[in-house]
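Here is a short briefing to read beside the model. Keep the sequence and the 3D view open as you go.

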There are 2 protein chains.
Amino acid sequence: MARLIAERADALPGLAEAFREHGYAGASLSVIGTATGLGRGSLYHFFPGGKREMAEAVLANIAAWFETAVFAPLSEAEDPRTGIDAMMVAIDRYFQSGRRACLIGAWGLGATRNPFAAPIAGYFQRWIAVLKDALQRGGVAEDHATTLAQDVVGGIQGAITLSRALDDPGLFRATLGRLTARLYTALAAA
Amino acid sequence: MARLIAERADALPGLAEAFREHGYAGASLSVIGTATGLGRGSLYHFFPGGKREMAEAVLANIAAWFETAVFAPLSEAEDPRTGIDAMMVAIDRYFQSGRRACLIGAWGLGATRNPFAAPIAGYFQRWIAVLKDALQRGGVAEDHATTLAQDVVGGIQGAITLSRALDDPGLFRATLGRLTARLYTALAAA
DNA sequence: GCGCATCTGTACCGATCGATACAGGTGCAA
DNA sequence: TTGCACCTGTATCGATCGGTACAGATGCGC
């Protein structure tokens, strides 16, 4: 029996794809097995908690990716504009210009009481907070920074939904551009 | 055996709730049975096509509701502002200020190739087209009307996602207010 | 070369899945 | 009152679900 993966992290991309494409309930173990190339034996070896643990690992992995690729540049950049540019580039690449679904957004739209509500809320809270802080450091007043950050994060979510439904990646990129412009305008006025 | 419902339309609210709360795959027939109060016998009597037909009926029902409650006022109002106000009021009530999930949005975020892609795309296309037409009738230039309509429809979708994830209905209402203001501003400048 | 922790395939478990069949009840029309 | 179309509950189907058990293969440390 040839070893297929070295550590459980190697299974995460396949797991994420399975959950993204089929949802939590729709991602059966056979679907997951196909997506990851792993049998039940390996899956339960790396994730003794079963499907639930696999989903938690995927969410944690996504959160970690955003932390380094999106939030860190936003909060560390000297000039907020630099951080915003880095965020938009990372977002466009991550979501493949709206072709790739947002797992966290989709699960947040699901059951009112779902077991992943807490990490999902944390993800959006953190994103909004980091963006708001960047705007405030650029001189934008607190209340304006808050609503603007909400508009931008929400606008990105909506753009993913629309561009996927309409199968129009151009819509995603154009929306990202307009959101960037709004952020720049607010910074320029401050 | 007491008759429970008179026609299949009476089952749609329960069906919609079941699909909204559990997704398509997660809404098992027992979940659907509980939500509608109907047994398998009745369900397959009204929907011979099974789960798939139930989902199609729900989507068609939602589309019809939007047609009369949102799209019609938008396209028939003398003053675009009247139509926009009616749209926003209907949207806020329908989505219960962001507490209720958007079934169409959630399913659009799901599998890339899903059997309901066509009606979902049609729903968003129509919404954007009707809103764009209303803006143009109000004197807004076509390209601006298009991007503005996309921003508003996408913004509403994003606001649902955010306000549900953060459990904050106020965020939804406030976002709706800002989107309305943007529409009014564009109309005033035209 | 040996020993052992680690990984993997397969068989299997009870439960539940979506769907079907059908008898029995119900209420309206004649 | 009778007949019948319509609605409903129940039993049951094969398939698949998530999860477990475990033996066998693998490759690393020694």
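Is B:Asp143 buried or exposed? B:Asp143 has 9 C-beta neighbours inside 10 Å; a residue with 12 or fewer counts as exposed, so B:Asp143 is exposed. The model is a predicted one.

**Chain A overall**

- Chain A is built from nine helices and has zero strands.
- Its pattern along the sequence reads α-α-α-α-α-α-α-α-α.
- The C-alpha trace of chain A spans about 65 × 35 × 35 Å along its principal axes.
- Chain A has 190 residues, and 43% of them are buried.
- Take the contacts in chain A between residues at least 6 apart in sequence: 57% of these join residues at least 24 apart.

**How the two chains pair**

- Two copies of a chain are related by a rotation about an axis and a shift along it.

**The side of chain B that touches chain A**

- In the contact between the chains, 36 residues of chain B meet 36 residues of chain A.
- Five elements of chain B give two or more residues to this side: α1 (12-26), α6 (103-108), α7, α8 and α9 (169-189).
- α8(B) gives the most, with 14 residues.
- By class, this side of chain B has 16 nonpolar, 16 polar and four charged residues.

**Helices α7 and α8 of chain B**

- Two packed helices are described by the angle between their axes and the distance between the axes.
- Helix α7 of chain B covers residues 117-137, and helix α8 of chain B covers residues 142-165.
- They pack at an angle of about 135°, with their axes 8 Å apart.
- α7(B) is therefore oblique to α8(B).
- The crossing of α7(B) and α8(B) is right-handed.
- α7(B) brings B:Phe124, B:Trp127, B:Ile128, B:Leu131, B:Lys132, B:Leu135 and B:Gln136 to the contact.
- α8(B) meets them with B:Glu142, B:Ala145, B:Thr146, B:Leu148, B:Ala149, B:Gln150, B:Val152 and B:Val153.
- The contact of α7(B) with α8(B) holds ten nonpolar, three polar and two charged residues.

**Helices α4 and α5 of chain B**

- Helix α4 of chain B (residues 51-76) and helix α5 of chain B (residues 80-94) cross at roughly 170°, and their axes come within 8 Å.
- Angles over 145 degrees count as roughly antiparallel, so α4(B) and α5(B) are roughly antiparallel to each other.
- From α4(B), the contact takes B:Ala69, B:Val70, B:Pro73 and B:Leu74.
- From α5(B), it takes B:Gly83, B:Ala86, B:Met87, B:Ala90 and B:Ile91.
- The contact of α4(B) with α5(B) has eight nonpolar residues, one polar residue and no charged ones.

**Helices α4 and α7 of chain A**

- In chain A, helix α4 (residues 51-76) crosses helix α7 (residues 117-137) at roughly 5°, and their axes come within 10 Å.
- α4(A) is therefore roughly parallel to α7(A).
- α4(A) contributes A:Leu59, A:Ala63, A:Phe71, A:Leu74 and A:Ser75.
- α7(A) contributes A:Pro119, A:Tyr123, A:Arg126, A:Trp127, A:Val130, A:Leu131, A:Asp133 and A:Ala134.
- The contact of α4(A) with α7(A) divides into ten nonpolar, one polar and two charged residues.

- B:Asp143 sits in helix α8 of chain B.
- B:Asp143 is eleven residues from B:Lys132 in sequence, and 9.2 Å from it in space, C-alpha to C-alpha.
- B:Ala118 belongs to helix α7 of chain B.
- B:Ala118 has 10 other C-beta atoms within 10 Å, so it is exposed.
- B:Ala118 and B:Gly108 lie ten residues apart in sequence and 9.8 Å apart in space, C-alpha to C-alpha.

Note on methods: Residues are numbered from 1 along each chain as its sequence is written. Chains are lettered from A and ligands numbered from 1 in the order in which they are written. This is a predicted model: local features need pLDDT of at least 70, side-chain atom pairs count only at pLDDT 80 or more; totals for chains, interfaces and linings use all residues. Axes are lines fitted to C-alpha atoms, for helices over the stretch in contact, and angles run from 0 to 180 degrees between N-to-C directions. Helices (H or I, at least four residues) and strands (E, at least two) are DSSP runs, numbered from the N terminus. Angles under 35 degrees count as roughly parallel, over 145 as roughly antiparallel, 65 to 115 as roughly perpendicular and the rest as oblique. A crossing is left-handed if the near helix is turned anticlockwise from the far one by less than a right angle, and right-handed if clockwise. Two residues are in contact if their C-beta atoms, placed from the backbone, lie within 7 Å. Ala, Val, Leu, Ile, Met, Phe, Trp, Tyr, Cys and Pro count as nonpolar, Asp, Glu, Lys and Arg as charged, and the others, Gly among them, as polar. A residue is buried if 20 or more other C-beta atoms lie within 10 Å of its own, exposed if 12 or fewer, and partly exposed in between; C-beta atoms are placed from the backbone.
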